[in-house]
Amino acid sequence: MKTKKILLPETEIPTHWYNVVADMKNKPQRMINPGTKEPLKPEDLYPLFAEELARQEFNETDTWIEIPEEVRDKYKIYRPSPLVRAYGLEKALDTPAHIYFKNESVSPVGSHKLNSALPQVYYNKLDGTTNLTTETGAGQWGTALSFAGKVFGLEIAVYMVKVSYEQKPYRRSLMQTWGAQVIPSPSMSTKSGRKALTERPNYQGSLGMAISEAIELAMQTPKCKYTLGSVLNHVSLHQTVIGLEAEKQMEMAEEYPDIVIGCFGGGSNFSGISFPFLRHVMNGDKKTRFIAAEPASCPKLTRGIFKFDFGDEAGYTPLIPMYTLGHNFAPANIHAGGLRYHGAGSIVSQLKKDNLIEAVAIPQLETFEAGVLFAQTEGIIPAPESTHAIASAIREAKKAKEEGTKKVILFNLSGHGLVDMSAYDQYLAGDLKNYEVSDSEIEKFLQS
């Protein structure tokens, strides 16, 4: 099996994160306080978030934000991550395209999520926080925060979407091994959880509901704050280490991507791989396309509408300017739990409005077909979330063959699927199916 792995020396780990907002002609609109109807300010978030994270959330002027040395030192555990030329996949597709992937599955927690978990826990520790709450869908963010909490000595409570809590027991085991408390959501431990279960006793949960429960617990617990693994601007900022490394690695390969692809739930890994390359498009130097690959069963970018909406089900969050399916949207129980979120972050939403990025919605069976082909040709079993990016890359590689053009395609392998094998078992047994949401269902949730 022919592969080309491009590595950077440890000294090449980025020293700064890239703040794409500083370079955007049209800045994302500010989040709105639902009570006062006024735009939020950084200090409005201090009760819930670490102060430096709140400042990063609203920073529209600094293009580069320094990575604290303590965080960068922890990055050295697994960064820089490899950039790999996927010769095996290219051969199987008989395509003239050159396909590269950034392998974020090499982190201790198996995904890109640690890139933001480490700084978020670090900044909270500086503030004197002792406990953190969060939500998790498939469990990748929850495992990352659990490990980061152990690294910096903070207690972690994770509300895990109930369907994933049951589908992915080993994700739960990872979090518990690193000392976190894991609660299936909705639960009876919060007002919002009890309300949801009273109204829908068999409700299998959503990321929006898990966010509501985590925020509620944080607001009621002394020296406790809340963290989020996607959607918000400061999370996208931290993830740009991915694309910044990939930029240097593509230079080493003496190529430049025509297309950059990331799977899409709330935006963390898509932002991380794409934003550093996007700055060259915004300044007119390049013409790269950027594709966000989302599930057909949760198509907020492809079929949602742009409006101010809550980031959670209970309405505890500020109103976020986003492409959304409605904060009460109940997605199908697909295995890509990390992509089952109703809305898109404000930065990505603005970029989509400005036609600087594209979005595609991919059916579940196509993603698993792509994941199996990738495993057979490249030897890595990808997480169900990452298979969306692989499926999109395969579509583009096939187009290149039809057109007879040599495209350079870069995608982010955001995580491995070694604890998602029950999903592959179901796919191989023919027990998985596609889920399509109807226009009437979307309309119902947007009006609720």
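Keep in mind that the model is predicted.

Let's start with strand 15, residues 408-413. Is it buried or exposed? Six of its six residues are buried, so the strand is largely enclosed by the rest of the structure. Look at both faces. On one side sit Val408, Leu410 and Asn412, and they are buried.

Which strands pair with strand 15? One is strand 5, residues 98-103. Strand 5 and strand 15 run parallel, joined by six bridges. For example, Lys102 has Asn412 as its bridge partner. Another is strand 10, residues 259-263. Strand 10 also runs parallel to strand 15, with three bridges. Here, Ile261 is partnered with Phe411.

Now the helices. Two packed helices are described by the angle between their axes and the distance between the axes. Take helix 8, residues 191-199, and helix 9, residues 207-220. Their axes come within 8 Å and cross at roughly 145°. Who touches whom? Helix 8 brings Lys191, Ser192, Gly193 and Ala196. Helix 9 brings Met209, Ser212, Glu213 and Glu216. By class, that contact has two nonpolar, three polar and three charged residues.

Last, the cysteines. Cys298 counts as buried, because its relative accessibility is 0%. Cys224 is buried too, at 7%. The cut-off for buried is under 20%.

Terms used
Residues are numbered from 1 along each chain as its sequence is written. This is a predicted model: local features need pLDDT of at least 70, side-chain atom pairs count only at pLDDT 80 or more; totals for chains, interfaces and linings use all residues. Side-chain values use heavy atoms; hydrogens and water are left out. Buried means under 20% relative accessible area, exposed over 50%, partly exposed in between (1.4 Å probe, protein chains only). Axes are lines fitted to C-alpha atoms, for helices over the stretch in contact, and angles run from 0 to 180 degrees between N-to-C directions. Helices (H or I, at least four residues) and strands (E, at least two) are DSSP runs, numbered from the N terminus. Contact means heavy atoms within 4.5 Å. Ala, Val, Leu, Ile, Met, Phe, Trp, Tyr, Cys and Pro count as nonpolar, Asp, Glu, Lys and Arg as charged, and the others, Gly among them, as polar. Two strands pair if DSSP finds at least two bridges between them.
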